[in-house]
Amino acid sequence: QVQLVESGGGLVQAGGSLRLSCAASGRTSSTYAMGWFRQAPGKDREFVAAISSGRFTYYADSVKGRFTISRDNAKNTVWLQMNSLEPDDTAVYYCAAAPSIATLTTGAYWGQGTQVTVSS
């Protein structure tokens, strides 16, 4: 079992920044791939960013150049630095952990989510 706790969401104006954190605990969490997903009202959950245990990173096209995912394996923590936020980034952001990048969407552990609201 892996437990995930997100923090850092909030209300920010367009163009602003937020940094989300996800603290992981449980066996093998430091070796897992980690990712961020988001779900806006009335929409399906979508991929945002992911990072492998070896720190290879992957991003959705919509956030490339604006968001940065990073991790500290010793602290079992992953971050999502979000810059140049847009109203379309408004969503509940979820942290996910899985044995590999490929299984993040199908075999992941999930956090409870943190709300990000970007005002125009």
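Author: A salt bridge is a side-chain nitrogen of Lys or Arg within 4 Å of a carboxyl oxygen of Asp or Glu. The model here is predicted: local features need pLDDT of at least 70 and side-chain atom pairs count only at pLDDT 80 or more, while totals for chains, interfaces and linings use all residues. Residues are numbered from 1 along each chain as its sequence is written, and side-chain values use heavy atoms, leaving out hydrogens and water.

Reader: How many salt bridges does the structure hold?
Author: One of them joins the side chains of R38 and E46, at 2.6 Å from N to O. R38 also bridges to D89, with the closest N and O atoms 2.9 Å apart. The total is five.

Reader: Is R38 buried or exposed?
Author: Buried means under 20% relative accessible area, exposed over 50%, and partly exposed in between (1.4 Å probe, protein chains only). E46 is partly exposed at 37%. R38 has 6%, so R38 counts as buried.

Reader: How far apart are the closest N and O atoms of D89 and R66?
Author: D89 is buried at 1% relative accessible area. R66 is buried too, at 11%. The salt bridge between D89 and R66 has its closest N and O atoms apart by 2.8 Å.

Reader: Which residues do salt bridges that share partners join into one network?
Author: D89 forms a salt bridge with R66. That pair links distant parts of the chain, 23 residues apart: D89 sits in the loop between β8 and β9, R66 in the loop between β6 (57-59) and β7 (67-72). Shared partners make one network of R38, E46, R66, E86 and D89.

Reader: Which residues form a disulfide?
Author: A disulfide needs two cysteine sulfur atoms within 2.5 Å. The whole structure holds one. Its sulfur atoms are 2.1 Å apart, and the partners are C22 and C95.

Reader: How many residues apart in sequence are the parts that C22 and C95 tie together?
Author: The torsion about the S-S bond of C22 and C95 is about -80°, so the disulfide is left-handed. C22 lies in strand β3 (residues 18-26) and C95 in strand β9 (residues 91-98), so the parts tied together are apart in sequence by 73 residues. Strands are DSSP runs of E, at least two residues long, numbered from the N terminus. C22 is buried at 0%, and the separation in sequence is 73 residues.

Reader: What is the angle between the planes of Y32 and Y109?
Author: Rings of Phe, Tyr and Trp (its six-membered ring) pair if their centres lie within 6.5 Å; planes under 30 degrees apart are stacked, over 60 edge-to-face, the rest tilted. The search finds three aromatic pairs. Y32 and Y109 form a tilted one, 6.3 Å centre to centre, with a plane angle of 35°.

Reader: Which residues form one aromatic cluster?
Author: Y109 is partly exposed at 25%. The rings of F37 and W110 have centres 5.0 Å apart and planes at 70°, so this pair is edge-to-face. F37 is in strand β4 and W110 in strand β10, so the pair ties together parts 73 residues apart in sequence. The cluster is F37, F47 and W110.

Reader: How far from the ring centre of W110 does R45 lie?
Author: A charge sits over a ring if NZ of Lys or CZ of Arg is within 6 Å of the ring centre and within 35 degrees of the ring normal. The charged end of R45 sits over Y94, 3.9 Å from the ring centre. R45 also lies over the face of W110, its distance from the ring centre being 4.5 Å.

Notes. Helices (H or I, at least four residues) and strands (E, at least two) are DSSP runs, numbered from the N terminus.
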